[in-house]
Amino acid sequence: MNSLSPTQYNEIKQSALDKPQLDYDDIAPLLVQHQQNPLFRFTQLGQSALGTPIWQIDIGSGPVKILAWSQMHGNESTATAALMDLLNFIAAEPQKNWRDNWLSKVSIRLIPMVNPDGAAAGSRFNSMGIDINRDAKALQSPEGRLLIQAAKEFKPDFGLNLHDQNRFYAVGDSNKQATISLLAPAFNEAKDIDAARKKAMQLIGDMRDLLESELPGYLAKYNDTFSWRSFGDTFAGMGISTVLIESGGHPRDDNRQVARKLNTQLLVMSIESIGSGAYQQQPLSAYQAIPFNRDGGIKDLLISSLGISVNGNKAQVDLALELDTSGGQGRVRDIGDLSIYGGYQQFDASGLQYQAPKAYALSQALTLDNAGYIALLRQGYSHFSGDAALLSNNSDFPVVINPKGLATTTPQRQRLATFLLRNDKGVQLALLNGQLLDLNNATLLDLNK
């Protein structure tokens, strides 16, 4: 089966879509461009509650039909970028022979960005506050009605339901991120396996083989609890062999570009496998062997073996910190033996003790340079209080001003991630809103694995 080489992928990847969040304006020029290609048959399926177009793109003329849709949750845009990459790949002249192998065997219908209003707001929900993926039965959202309309009119054999999952899922009991999670959703509470669900499981077997060759160890299976209101489960009940593809986090990959590339590869592979029927050779054991993902198995920052003391009781504990990727405040989420977890960032604090945060009161104008700031940190000041306008930060380091919710004598859950780390020689490091500053080297530590 065709597997995109790094060169092939770089040639078709839309670099402008390397962003944490995509909205309709990001893909509109690409849709206009592809409308000129006779390979693609564009139809405006309808519009969102706020009037943004929702498109369907039909490709091929074969009897076996594949429906793929993305971003029904507006803040889950990884697969939308992958669908744009797929269009580029299909259109590329070097892929003519590949196209010719399936264009008369398979018909594809793509619906990129089912929820453009939610995308514009960076929200899971549509502009009416409805979770479209919990609207498959009530059909109160215009976007949900359009999706069910497209499925009933097209009558797909296979459905590819493209989502993003949170970055804290781990693969089974491992400390690896679930960069991709797959699922053949159930159509009833008993999780029975009918002919359609079996085909979905077999296709996932092919997906598993591809992912194990491309990124071994980062594949999980999504929770298979039956969700009566959801589109994937509803489509499975309609006899559509439905596959859920959830894009997750990966080290040093804030914009989920690793998952985006894997999505593109999975889409290309699925077209081939469905067109040729190759998936039918997969045993169900391939699907069943995929470990379930573990929610909360990955932390943003793990600080291990930090010394604490309470009323003479000493302990070494691990801290799990959750960092706000949008620039907000980081917080301590867990304390204790956290050795079962993995982390995007990790720091071994052996030999260091927790020192409670202390405020430096701003009573007059203060300009910070690197040396002056580090001198204050060594004196035990972790943050500033008072009139923020009095402080000018000319250093290379973050400052914390007037924080609310700091811990005191020991770290505390839900408290802000700002405190000091010391040994018998004094303060050695400062944790400033989740960023570790090494005072000896005047350097913010890069803790990404």
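Predicted model: local features only at pLDDT ≥ 70, side-chain atom pairs only at ≥ 80, totals over all residues.
**Overall look**

I started with the whole chain. I get 11 helices and 23 strands. The C-alpha atoms fill a box of roughly 75 × 45 × 45 Å along the principal axes. Of the 449 residues, 55% count as buried. I also looked up how far apart in sequence the contacts reach: among those between residues at least 6 apart, 74% join residues at least 24 apart.

**α2 against α3**

Two packed helices are described by the angle between their axes and the distance between the axes, so I noted both. For α2 (residues 24-34) and α3 (residues 78-91), the axes come within 11 Å and cross at roughly 25°. Angles under 35 degrees count as roughly parallel, so I put α2 down as roughly parallel to α3. The crossing of α2 and α3 is left-handed.

Next I listed who touches whom. From α2 I have I27, L30, L31, Q33 and H34, and from α3 T80, M84, L87 and N88. By class, this contact of α2 with α3 has five nonpolar and four polar residues, with no charged ones.

**More on α2**

Which residues of α2 are buried? My list reads Y24, D26, I27, A28, L30, L31 and H34. I then asked what the buried residues of α2 pack against. They pack against β1 (41-47), β2 (53-59), α3 and α5 (116-121). A reminder to myself: an α-helix has 3.6 residues a turn, so residues three or four places apart point the same way.

I also checked the start of α2. There, a side-chain oxygen of D23 reaches to within 3.1 Å of the backbone nitrogen of D25.

**α3 against α9**

I followed α3 on to α9 (residues 257-276). These two pack at an angle of about 50°, with their axes 8 Å apart. α3 and α9 are therefore oblique to each other. I noted the hand too: α3 passes α9 in a right-handed crossing.

On the α3 side of this contact I wrote down T78, A79, A81, A82, L83, D85, L86 and F89. On the α9 side they meet A259, R260, N263, T264, L267, V268 and I271. The residues of the contact of α3 with α9 divide into 10 nonpolar, three polar and two charged.

Q71 is not a glycine, yet has a positive phi of about 55°. I found Q71 in the loop between β3 (64-70) and α3. Is Q71 buried or exposed? At 1% relative accessibility, Q71 counts as buried.

N402 is the other one I looked up. Its phi is near 50°, again a positive value in a residue other than glycine. N402 sits in the loop between β19 (391-393) and β20 (419-423). N402 comes out at 37% relative accessibility, so I have it as partly exposed.

**D334**

I ended on D334, which is found in strand β13 (residues 331-336). D334 has 19% relative accessibility. Buried means under 20%, so D334 counts as buried. Which side chain does D334 join in a polar contact of 3.2 Å? It is that of R413. Leaving aside neighbours within four places in sequence, I also have D334 in contact with D318, L319, A320 and Y341, among others.

Key
Residues numbered from 1 in each chain as written. Heavy atoms only, no water. Axes fitted to C-alpha atoms, helices over the stretch in contact; angles between N-to-C directions. Helix = DSSP H or I, 4+ residues; strand = E, 2+ residues; numbered from the N terminus. Parallel < 35°, antiparallel > 145°, perpendicular 65-115°, else oblique. Left-handed = near helix turned anticlockwise from the far one by under 90°. Contact = heavy atoms within 4.5 Å. Nonpolar A, V, L, I, M, F, W, Y, C, P; charged D, E, K, R; others polar. Buried < 20%, exposed > 50% of the residue type's maximum accessible area, 1.4 Å probe, protein only. Polar contact = N/O pair within 3.5 Å; in protein donor to acceptor, adjacent residues only side chain to side chain.
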